[in-house]
Amino acid sequence: MYGDLRVLAVVPARGGSKGLPRKNLRQFLGRSLIDHVADAVAGVPFVDCAVVSTDDDEIATAALSAGLAVPFRRPDNLSGDRVGDLEVLTHALTKVEELEGVVFDVILMLQPTSPLRSAKDVITTVDYLINNSFDAVWTVSPTDLKYHPLKQLDVDPETHQMWPCDARGRQIIARQQLQTTYHRNGAAYAFTRHCLLKANSIWGSRAGAVIIERPMISIDTMEDIIRAEEECGYVM
C-alpha cells in the first residue's frame, strides 16, 4: 500500500500484434518483455496486486512464470487493435475488485513494450499522482524538435500537394521559435480509481507528467528492440 491507499498494477498484454507478431513475448537482453515488466513491478514495494490482462494462453503462462497473476482472461471484444486503454483498465480493475473483494485506490498501467523503464520511474509516477492531487500521471519524453508538431506536414497521396498540419507552421523559421513538446513513452501510467470509473477517462480533469530525459524506446518493431538493446550496451 501507498500510505493507506491500495495499489493495483495492470500489465496489458494481448496476443495479437500486427506490427510485430507476438510482440509481448519477444526477447530483450535474453529475456521476454513480460519478464522485464515483472522485474519493474517487483521493485515497487507498495504494489498490492499485479495482474496481466491478456487473451492469450502463452502470454498467461509466461506471466505466471514471471510472478505475475492472471486471474481472468480478457474477452474478445477487448482484444482488438482498436480497443483503448480505458476499456482494458476498467475491465481489469472491476474484475480484480470482484475477485479479491477489495477496492483499489490507485491503478498503474505498465506496458511490456517499454523495457527501459526502472522501478524508480514507476515509484516517481505514483508519488506525483498522490502528492500533487492529480487524477492521472503519465511518463513522457521530450520530442526531438525535428519532429515538432509545427513542422509536420500533410501531403495528398494522389496530387502530392502539401501544406502544414498546423497553419502556424508557416511562421516557423528557426528552431529557436519552437517550444519543447513531449510524447508519452509508455514507461508508466498512474490513475485514481475515480478517474477511471467515475470520470471515465485516462486524463481526468487534472493530468500530470513525469518527464524522463534519458532514452526511452517503446517496442513496435524488431529495430526498436535492437536500438533498446544498444542503449543498454548489449552486443550479440
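Reader: How do the residues of the lining of the largest pocket divide into nonpolar, polar and charged?

Author: Please note that this is a predicted model. As a general idea, rolling a probe the size of a water molecule over the atoms shows where empty space is left. In this structure, the residues lining the largest pocket comprise eight nonpolar, 11 polar and eight charged. The space in that pocket amounts to about 520 Å³.

Reader: Which residues lie nearest the centre of the largest pocket, and which elements give two or more residues to its lining?

Author: Of the 27 lining residues, Arg-14, Lys-23, Asp-85, Gln-111 and Thr-113 lie nearest the centre. The elements giving two or more residues to this lining are H3 and E9. Strand E9 gives the most, with four residues.

Reader: How much space lies in the second largest pocket, and what lines it?

Author: The second largest pocket holds about 190 Å³ of space. It is lined by 14 residues, and those closest to its centre are Ser-141, His-183, Pro-215, Met-216 and Ile-217. At least two lining residues come from each of strand E6 (136-142), E9 and helix H6 (222-231). The largest share, three residues, is again a contribution of E9. By class, this lining has five nonpolar, four polar and five charged residues.

Reader: Strand E9 has now been named for both pockets. In what order do the strands of its sheet lie?

Author: Strands of a sheet pair through backbone hydrogen bonds, either parallel or antiparallel. Here, an open sheet of six strands shows mixed pairing, and its order is E4-E1-E5-E9-E6-E10. Strand E4 (49-53) and strand E10 (207-211) are the edge strands, each pairing on one side only. On average, neighbouring strands of the sheet are turned by 25° against each other, direction ignored.

Reader: Do strands E1 and E4 run parallel or antiparallel, and how many bridges join them?

Author: Strand E1 (residues 7-12) and E4 run parallel and are joined by five bridges.

Notes
Residues numbered from 1 in each chain as written. Predicted model: local features only at pLDDT ≥ 70, side-chain atom pairs only at ≥ 80, totals over all residues. Heavy atoms only, no water. Pairing = 2+ DSSP bridges. Axes fitted to C-alpha atoms, helices over the stretch in contact; angles between N-to-C directions. 1 Å grid on protein atoms, 1.4 Å probe; cavity = no way out; pocket = protein on both sides within 12 Å on 5 of 7 lines; lining within 4 Å. Points joined across faces, edges and corners; volume = space filled by probe spheres on them. Nonpolar A, V, L, I, M, F, W, Y, C, P; charged D, E, K, R; others polar.
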